[in-house]
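Here's a quick briefing to read alongside the structure. Have a look at the model first, then work through the notes on helix packing and aromatic rings.

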Amino acid sequence: AAYLQSPRLLRAAVRSWNLASERGAGEQLRVAAAVVEASLQFQDEEQDVVISELRDLLHNLPRHQLALSPEFLMAPAAGLAVLESRHAARESLVGHIKNVGGWVGSVIGKSSGHDRPGAQGEDLDAPLTAHEFAVRLFDQHEPYFL
C-alpha cells in the first residue's frame with residue numbers, strides 16, 4: 001500500500017482486498033496499519049481521502065476488536081481517526097463482558113497494589129487504552145496539535 005502514488009488507487013486497492021473474501025479483525029487491523037503508514041505520503045485533500053478510507057475500513061469492527069496498537073501512532077491525523085473510530089464503534093455483548101471483566105480486574109489490581117497487569121514487564125506492542133493512546137499520540141506529534 002505504501003507504494004501507491006494516488007490516494008484513489010489506495011482506496012480501490014483496500015476496497016478490492018476487503019471485498020475479495022471475508023476478512024477477520026486481525027487482517028483488517030494489519031491493513032489499517034498499512035493505510036496509516038501510507039497516509040504519511042499524502043497532504044491535504046489527498047490525505048483526507050486516505051483517512052476517510054481508514055475510517056471506512058474500521059467502521060464495522062466492534063469496539064473490543066478495534067485494538068489501539070502502537071502502529072497507529074505513526075501519523076497524527078490517522079491516529080486521531082483510529083481513536084475516533086474506536087470511540088464510535090459499537091459494543092457487542094462480548095465486548096461489554098470484556099470491559100466489565102477488565103474493570104473488575106483493574107479494581108482488584110489496584111487494591112492489591114498493581115495498577116495494570118504486566119506493568120513492570122509491559123509489552124510495547126500490546127494494545128493501548130484510549131487514554132494511553134491519546135497521550136502517546138500527543139507526545140509523539142505535539143507540534144501537529146499546537
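Let's start with a pair of helices: H3, covering residues 44–58, packs against H4, covering residues 76–88, at an angle of about 25 degrees. Their axes sit 10 Å apart. Keep in mind that this is a predicted model.

**How H3 and H4 pack**
- Angles under 35 degrees count as roughly parallel, so H3 and H4 are roughly parallel to each other.
- The crossing of H3 past H4 is right-handed.
- On the H3 side, the contact is made by Gln47, Ile51, Leu54, Arg55 and Leu58.
- H4 brings Ala77, Ala78, Ala81, Val82, Glu84 and Ser85 to that contact.
- Sorted by class, the contact of H3 with H4 has seven nonpolar residues, plus two polar and two charged ones.

**Aromatic rings**
- There are two aromatic pairs in the structure.
- One of them joins tyrosine 144 and phenylalanine 145 in an edge-to-face arrangement, with 5.1 Å from centre to centre and 90 degrees between the planes.
- Ring pairs also tie Phe138, Tyr144 and Phe145 together as a cluster.

**Exposure of the edge-to-face pair**
- Partly exposed covers the range between the buried cut-off, under 20% relative accessible area, and the exposed one, over 50%.
- Tyrosine 144 has a relative accessible area of 47%, so tyrosine 144 is partly exposed.
- Phenylalanine 145 comes in at 28% relative accessibility and therefore counts as partly exposed.

Notes. Residues are numbered from 1 along each chain as its sequence is written. This is a predicted model: local features need pLDDT of at least 70, side-chain atom pairs count only at pLDDT 80 or more; totals for chains, interfaces and linings use all residues. Side-chain values use heavy atoms; hydrogens and water are left out. Axes are lines fitted to C-alpha atoms, for helices over the stretch in contact, and angles run from 0 to 180 degrees between N-to-C directions. Helices (H or I, at least four residues) and strands (E, at least two) are DSSP runs, numbered from the N terminus. Angles under 35 degrees count as roughly parallel, over 145 as roughly antiparallel, 65 to 115 as roughly perpendicular and the rest as oblique. A crossing is left-handed if the near helix is turned anticlockwise from the far one by less than a right angle, and right-handed if clockwise. Contact means heavy atoms within 4.5 Å. Ala, Val, Leu, Ile, Met, Phe, Trp, Tyr, Cys and Pro count as nonpolar, Asp, Glu, Lys and Arg as charged, and the others, Gly among them, as polar. Rings of Phe, Tyr and Trp (its six-membered ring) pair if their centres lie within 6.5 Å; planes under 30 degrees apart count as stacked, over 60 as edge-to-face and the rest as tilted. Buried means under 20% relative accessible area, exposed over 50%, partly exposed in between (1.4 Å probe, protein chains only).
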